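Thanks for coming. I have one structure to go through today, so please look at the sequence and the model on the screen.

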Amino acid sequence: NSNYSFCPIFLKKNILLSGILLLSFSCAVAQDYHDDVVVLDSVKVMSFNIRFNNPNDSLDTSWDRRREPCARMMAQYRPDVVGMQEPRNEMWQQIFDMLPDYGYYRIEMNDTLSDSRTGGVLLLYLRDKYSVERSGHFWLSATPEVPSQPWNSTDRHYRAALWLQLKDKKSRKDFYIVTTHLPYKKDPVDTEVRARCASLINNQMKTIAGRDATVFVTGDMNASYNPDDPRRESLTPFYCWFASAREDAAGTDDHSSFNGFGRVSPLVRGKNLDHIFYRNACPLVFETVDKPVYGVRWISDHYPIICTFTY
């Protein structure tokens, strides 16, 4: 699909090389890439399943122990926008308090809409850098305009997608950021439902943003695109309208985004349930944030992923 990106591989490599030369940055230095590289008119997009405050998690895997390490990670990378999955209940206000530089958008609970039916997803953006032009959400179901469950999935959680149109206050450029969390069950019907969810996101964003807009889709898709993953077809629709930052960035890695609090060995590659898809942008550097340097071994059972784009 030649429509989804204006940045061919040779151009991406030249842009990245120019940035590296200008900033005297060496690719041999693996640490803190996103702290060192600054590109004009760029945006750092993160997707992060932060793991809900599960009462069965204990010691270093409990939310109380992970909260400050999560804040330290965010302070180090300082993403411009974040698509977050699984905040719920008392976590909401704690996240807002620990990230005061960020504005946010979520589906608000009310007297008729409980927290468990809001989709458990959150969008964050640097309030000093961006203004919100428009915002919205829809449920991943046959009736996207009303709170509802995803078709006939065996996963009966309410699933939703959030979107924001943001404008850079300096450059005046705008883009759309989307986040979602697709059903997690592994039955064949769930793969079909995830693909329907992906198609719905495509169609909604075609209508909301149009063909020429820059759009980023973040989320825990509960499927990888590896050939040996039986859930692979869940993601096929995204590749029809978007492209994958992990696959296309000039600098990237193949580290697994899912760790399961140690159930997945760091040596395993390609267990990537978390994704950043893009359209009409140029991915420069993609990174899986899997270094155990924030005070606990795992800040979540998923590693954050981040990509720097020009657009």
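Start with the contacts: among those in the protein chain with a separation of 6 or more, 75% are between residues 24 or more positions apart. Keep in mind that this is a predicted model. The protein chain has seven helices and twelve strands. It is 311 residues long, and 59% of them count as buried.

Six strands form an open sheet in the order S3-S4-S2-S1-S12-S11, and the pairing is mixed. Strand S3, residues 102-105, and strand S11, residues 282-288, are at the edges; each has a single partner strand, so one side of each has no neighbour in the sheet. On average, neighbouring strands here are turned by 20 degrees against each other, ignoring direction. S11 and strand S12, residues 305-310, run antiparallel and are joined by six bridges. Within S12, Ile 305 is the bridge partner of Thr 288.

Which strands does H3 touch as it packs on the sheet? Helix H3 touches S1 (42-49), S2 (81-85), S3, S11 and S12, and its direction makes about 165 degrees with that of S1. A check on the helix length: H3 covers residues 63-77, and at 1.5 Å a residue its 15 residues should span 21 Å; the end C-alpha atoms are 20 Å apart, which agrees. Its buried residues include Trp 63, Arg 66, Met 73, Met 74 and Tyr 77. After H3 comes Arg 78, with a positive phi near 45 degrees.

Next, the cores. The largest nonpolar core contains 30 residues, and Val 43, Phe 175, Ile 177, Phe 216 and Phe 309 have the most contacts inside it. Strands that each supply at least two residues of this core include S1, S4, S5 (130-139), S6 (160-168), S7 (174-181) and S12. S6 gives the most, with four residues.

Take Phe 175 in particular. Leaving aside neighbours within four places in sequence, its contacts include Val 43, Val 81, Tyr 130, Leu 164, Phe 216 and Tyr 311. Apart from this core there is another, of 28 residues, among them Leu 140, Ala 213, Met 221 and Ala 223.

That is what I have; questions are welcome.

How values were computed. Residues numbered from 1 in each chain as written. Predicted model: local features only at pLDDT ≥ 70, side-chain atom pairs only at ≥ 80, totals over all residues. Heavy atoms only, no water. Expected span 1.5 Å × (residues − 1). Buried < 20%, exposed > 50% of the residue type's maximum accessible area, 1.4 Å probe, protein only. Pairing = 2+ DSSP bridges. Axes fitted to C-alpha atoms, helices over the stretch in contact; angles between N-to-C directions. Contact = heavy atoms within 4.5 Å. Core = buried A, V, L, I, M, F, W, Y, C linked by side-chain atoms within 4.5 Å.
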